[in-house]
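Open the model in your viewer and keep the selection tool at hand. This tour tells you what to select at each stop and what is there.

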Amino acid sequence: MNYYYIETFGCQMNVHESEKIAGILEEKGLTRVSEASLSDVVVFNTCCIRDTAEKKIEGNIGELKALKRARPDMIIVISGCMTQQSGRAEALKKRFPFIDIILGTNNQYELWDKIERLISGKKKLISIDDAEKPPISEDVPICRTSFPNAWINIMYGCNNFCTYCIVPYVRGRERSRDPELILKEITAATDSGYKEITLLGQNVDSYGSDLASGMNFYKLLERIAGIEKKFRVRFMTSHPKDLSEDVIKLIAEHKNFCKNIHLPVQSGSDSVLRRMNRKYTKKRYLELIDCIRKYMPEAGITTDIMVGFPSESDEDFRETVDLVERVRFQNAFTFVYSPRKGTPAAAMEQLPPEVKKARITELVARQNAISDEISRDYLAREYEILVEDELDGVVAGRTDSGRLVRFPGEKSDIGKFINVLVTKNKASSLYGERV
Ligand code: 5AD
Ligand code: SF4
């Protein structure tokens with residue numbers, strides 16, 4: 001066994017979990033390849049947040065059948081959120097009998113053990129730990145793939161049960177990592193040259209609520225601010241019900257914290273927010289935005305918005321458009337509500353698809369126009385860019401506020417902070433030149 005291939009679907013949490021899966025395989029001497037057909041182990045790390053994600057993954061799993069027929073000793077592993085839904089692992093195995101190993105969201109660290117057992121016994125294996133609070137697996141090797149950014153988990157799971165969301169069912173309740181281990185990981189990453197840390201959690205603002213030590217997100221950030229090195233710190237995701245003025249102030253005051261907040265609003269209608277179990281109102285959300293802008297006038301604020309939640313009326317939707325116009329988000333990830341089996345909203349009365357479609361089209365057009373207007377504010381100004389990527393003599397990197405800027409450069413610029421004057425705004429991308 002020499003080669004492995006991983007395909008990751010879904011969010012940054014999954015991107016990072018794939019880095020752990022890669023870490024396990026590399027530790028055993030396997031090398032990554034960029035095509036499934038060339039590999040001995042194929043891993044699909046899956047997502048189930050929306051039906052579109054699941055349909056796409058099912059299609060891709062189906063395509064593995066021919067590969068497996070040509071190479072019966074190829075090991076096919078399906079892991080992550082999709083497998084963790086009730087009854088789903090068995091259904092997957094039935095529909096795609098060529099799958100060898102299925103690992104739930106808390107079982108990925110068992111990968112090598114399962115591969116060995118498969119080889120010795122030729123048995124298909126399913127391992128799904130559906131405890132509410134499975135223990136955190138520390139000491140899993142990580143093969144980072146996002147230089148100069150290092151993803152670092154601060155917590156796992158979610159306690160919020162927004163009525164549309166499958167995450168609490170597939171990732172269990174909130175478990176916070178030991179702050180000392182988080183700080184050790186940050187120090188190790190920055191010591192080895194990483195220039196950006198992104199703290200990951202489903203609801204980072206409630207970090208520590210399950211720890212006996214009285215630790216919380218503010219205190220964790222204070223400790224991180226105490227590390228005397230130049231690197232950027234981002235985090236995701238914040239919840240509007242929990243993001244505090246103290247945290248906002250701390251981010252504003254410390255140079256290492258990026259002035260970039262992702263704050264999913266979901267809807268601008270109080271009645272929809274109530275039915276979503278979001279626990280804040282439009283007024284409260286707008287106050288939070290004012291608070292962020294009071295301390296950080298230049299902050300890049302981004303959000304997630306959903307249209308077509310059950311019983312969302314035209315009036316409700318107008319409230320969402322009104323909120324988007326008032327806040328003027330730098331960028332918004334917009335979604336059509338997708339019923340998820342087992343969640344309360346899936347049992348509510350659904351809207352017709354054409355209503356959802358008309359709303360998403362209008363929302364996207366409005367937000368694109370706003371994002372474009374905001375882009376113009378960047379023109380003729382200078383920014384410090386952390387370079388992330390290079391293609392054909394053009395590098396791409398982000399401002400502190402999270403905007404991507406492209407300018408001429410080379411591979412060796414990746415991981416460097418470079419001052420750039422923004423000169424052009426084309427098709428919602430920013431371009432610039434070194435100063
Ligand atoms: N349908 C559509 N979008 C969803 N999201 C979460 N669950 C669903 C669903 N059932 C969106 C939310 C969340 C983002 C990660 O995905 O906007 O913030
Ligand atoms: Fe899902 Fe809500 Fe938890 Fe986010 S906070 S993961 S939307 S239940």
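Predicted model: local features only at pLDDT ≥ 70, side-chain atom pairs only at ≥ 80, totals over all residues.

**Stop 1**

**Stop 2: the cavity**

How many cavities of 30 Å³ or more does a search of the whole structure find? The search finds one. The volume of this largest cavity is about 250 Å³. To get to its centre, select E17, T105, N106, S137 and Y156, which are the closest to that point among the 15 lining residues.

Next, select helix α1, residues 12-27. This helix supplies three residues, the largest share of the cavity lining. Now colour domain 1 (3-127) and domain 2 (146-258) separately; each of them gives at least three residues to the lining of the largest cavity. By residue type, that lining consists of six nonpolar, five polar and four charged residues.

**Stop 3**

The structure has 38 salt bridges in total. Begin with E54 and R88, and show their side chains. They form a salt bridge in which the closest N and O atoms are 2.9 Å apart. E54 sits in helix α2 (residues 51-70) and R88 in helix α4 (residues 88-95), so the pair links distant parts of the chain, 34 residues apart. Are these two residues buried or exposed? Both E54 and R88 are buried.

Stay with the two helices and select R95 and E58. Their side chains also meet in a salt bridge, with 3.3 Å from N to O. Here R95 belongs to helix α4 and E58 to helix α2, and the two are 37 residues apart. E58 has a relative accessible area of 12%, under the 20% limit, and is therefore buried.

**Stop 3: a salt bridge within one helix**

Go to helix α5 (residues 111-121) and select D113 and R117. The closest N and O atoms of this salt bridge are 3.7 Å apart. What separates the two residues along the helix? They are four residues apart in helix α5, which means that about one helical turn lies between them. D113 is partly exposed, with a relative accessible area of 37%. R117 is partly exposed as well, at 42%.

Now select D51, E54, K55, E58, R88, R95 and R340 together. Salt bridges with shared partners join these residues into one network. Two of the pairs from the previous stop, E54 with R88 and R95 with E58, can be found again in this selection.

**Stop 4: the second largest pocket**

The second largest pocket has a volume of about 400 Å³. Select E298, A299, G300, Y378 and S401, the closest to its centre of the 19 residues that line it. Then show β13 (300-307), α13 (353-378) and β15 (382-391), the elements that each give two or more residues to this lining. α13 gives the most, with three residues.

Coloured by type, the lining of the second largest pocket shows seven nonpolar, four polar and eight charged residues.

**Stop 6**

Select A380, in the loop between α13 and β15. A380 is exposed, with a relative accessible area of 65%.

Finally, select V420 in strand β18 (residues 417-426). V420 is buried, with a relative accessible area of 1%. Draw a line from V420 to A380, C-alpha to C-alpha. These residues are 40 apart in sequence and 9.9 Å apart in space.

Notes:
Residues numbered from 1 in each chain as written. Chains lettered and ligands numbered in written order. Heavy atoms only, no water. 1 Å grid on protein atoms, 1.4 Å probe; cavity = no way out; pocket = protein on both sides within 12 Å on 5 of 7 lines; lining within 4 Å. Points joined across faces, edges and corners; volume = space filled by probe spheres on them. Nonpolar A, V, L, I, M, F, W, Y, C, P; charged D, E, K, R; others polar. Domains from an automatic or database assignment. Salt bridge = Lys/Arg side-chain N within 4 Å of Asp/Glu carboxyl O. Buried < 20%, exposed > 50% of the residue type's maximum accessible area, 1.4 Å probe, protein only.
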